[in-house]
Amino acid sequence: MQLPRYIAHRGLSAHAPENTLAAIQAAADAGCEWVELDVQCLGDGTPVIWHDASVDRCSDSQGKLLNMTRDQIGQLDVGSWFSPAFRGERMALLDEALSLVSALEMGLNLELKINTGHDPAALARTAVQRARQVLPLDRLLVSSFDMTALEAARSQDEALALGLLYEAVPRHWASDAERLRPTSVHADWTQLDQERLIEIQSAGLVMLCYTANDPERFASWWDHGVDGVFTDDPGLFDARYQRRTRGDGSRKPR
Ligand code: G3P
Ligand code: MG
């Protein structure tokens, strides 16, 4: 698997409403090769691309996802909160997002987002099955903060690329890695520790950081060898953000 140096976080979320089809399209239009999207299930089991437990922050309505059905979310405007230019944008179903990512020939980091009350294993099974029907193995990386979700994803597909997602990387990361056989470790860059970074890369894993939007403050981490970042706006870092990072940690021009 070749992962890029920059992954558009929740789509190109600096320029379009996060986690929407518009944000995926904007990322492609800006030249991004990969997007990160959050997936969770509605109360009726439909997987959708959404970050929060409720629709309060990013729609024209209120309520918990767990209390909503596919018909109900079809009525929401999830674009106007961001800008009038996106009025009428609808919450993306997982299937719609997968089709668009595939049509745009992009890669996808699908984050299994387990908010309170959601079933980790059920989400993993549904999301992995659907994603694998649409995307090839080298363009799909499934990650989660929730180890139960990652265990279910690994059981679902032995060959699937997994990302261990942490805030600060814990001491026991290696035992998680031994059990789950991930491709990458993803951590909050403001809590990154150089010792852990060395351990992770020495074990042959890719180190990705979220969510970096300040290139100057982040700069020293490139020198320490971080492989890539999730950012709301890759253009902040590099107008030519097509450099790739290989799964083995070496970099090569596109
Ligand atoms: O997957 C990286 C990052 O998206 C994790 O945090 O809260 O933005 O989903 P969050
Ligand atoms: Mg996320």
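The side chains of Thr46 and Asp44 meet in a polar contact of 2.8 Å. That's a handy way into this model, which is predicted.

**Thr46 and its loop**
- Thr46 sits in the loop that joins E3 to E4.
- Is Thr46 buried or exposed? With a relative accessibility of 12%, Thr46 counts as buried, since the cut-off for that class is under 20%.
- Once the neighbours within four places in sequence are set aside, Thr46 still touches Gln40, Cys41, Arg70 and Leu93.

**Ligand 1 and its surroundings**
- The shell around ligand 1 is made of His9, Arg10, Glu36, Asp38, His51, Glu111, Lys113, Phe145, Leu165 and Tyr210.
- Arg10 brings a side-chain N or O atom to 2.8 Å from an oxygen atom of ligand 1.
- On its own, ligand 1 would expose 290 Å², and the protein buries 90% of that.

**Helix H3 and what it packs on**
- Helix H3 covers residues 94-103, and its buried residues are Leu94, Ala97, Leu98, Leu100 and Val101.
- Why do these residues line one face of the helix? Looking down the axis of H3, the buried residues fall within an arc of 165 degrees, so they share one face.
- Which elements do the buried residues of H3 pack against? Two are helices, H1 (21-29) and H4 (120-134). The strands are E3 (34-41), E4 (47-49) and E5 (107-112).

- Leu104 belongs to the loop between H3 and E5.
- Leu104 counts as partly exposed because its relative accessibility is 27%, and that class runs between 20% and 50%.
- Beyond its neighbours within four places in sequence, Leu104 is in contact with Ile24, Gln25 and Ala28.
- Leu104 and Asp29 are 75 residues apart in sequence, yet their C-alpha atoms are 9.5 Å apart in space.
- Glu105 is in the loop between H3 and E5 as well, and just after the helix it takes a positive phi of about 55 degrees. It's worth a look on the backbone, given that this positive value is in a residue other than glycine.
- Is Glu105 buried or exposed? Glu105 is exposed, with a relative accessible area of 66%, where the cut-off is over 50%.

**Arg181, another positive phi**
- Arg181 has a phi near 50 degrees, again a positive value in a residue other than glycine.
- Where is Arg181 found? Look in the loop between helix H6 (173-180) and strand E8 (184-188).
- Arg181 comes out as partly exposed, because its relative accessibility is 41%.

Note on methods: Residues are numbered from 1 along each chain as its sequence is written. Chains are lettered from A and ligands numbered from 1 in the order in which they are written. This is a predicted model: local features need pLDDT of at least 70, side-chain atom pairs count only at pLDDT 80 or more; totals for chains, interfaces and linings use all residues. Side-chain values use heavy atoms; hydrogens and water are left out. A residue is near a molecule or strand if one of its heavy atoms lies within 4 Å of it. A polar contact is a pair of N or O atoms within 3.5 Å; within protein, one must be able to donate a hydrogen and the other to accept it, and residues adjacent in sequence count only if both atoms are side-chain atoms. Accessible areas come from the Shrake-Rupley method with a 1.4 Å probe; for residues, only the protein chains shown count as cover. Buried means under 20% relative accessible area, exposed over 50%, partly exposed in between (1.4 Å probe, protein chains only). Helices (H or I, at least four residues) and strands (E, at least two) are DSSP runs, numbered from the N terminus. The arc is that of the directions from the helix axis to the C-beta atoms. Contact means heavy atoms within 4.5 Å.
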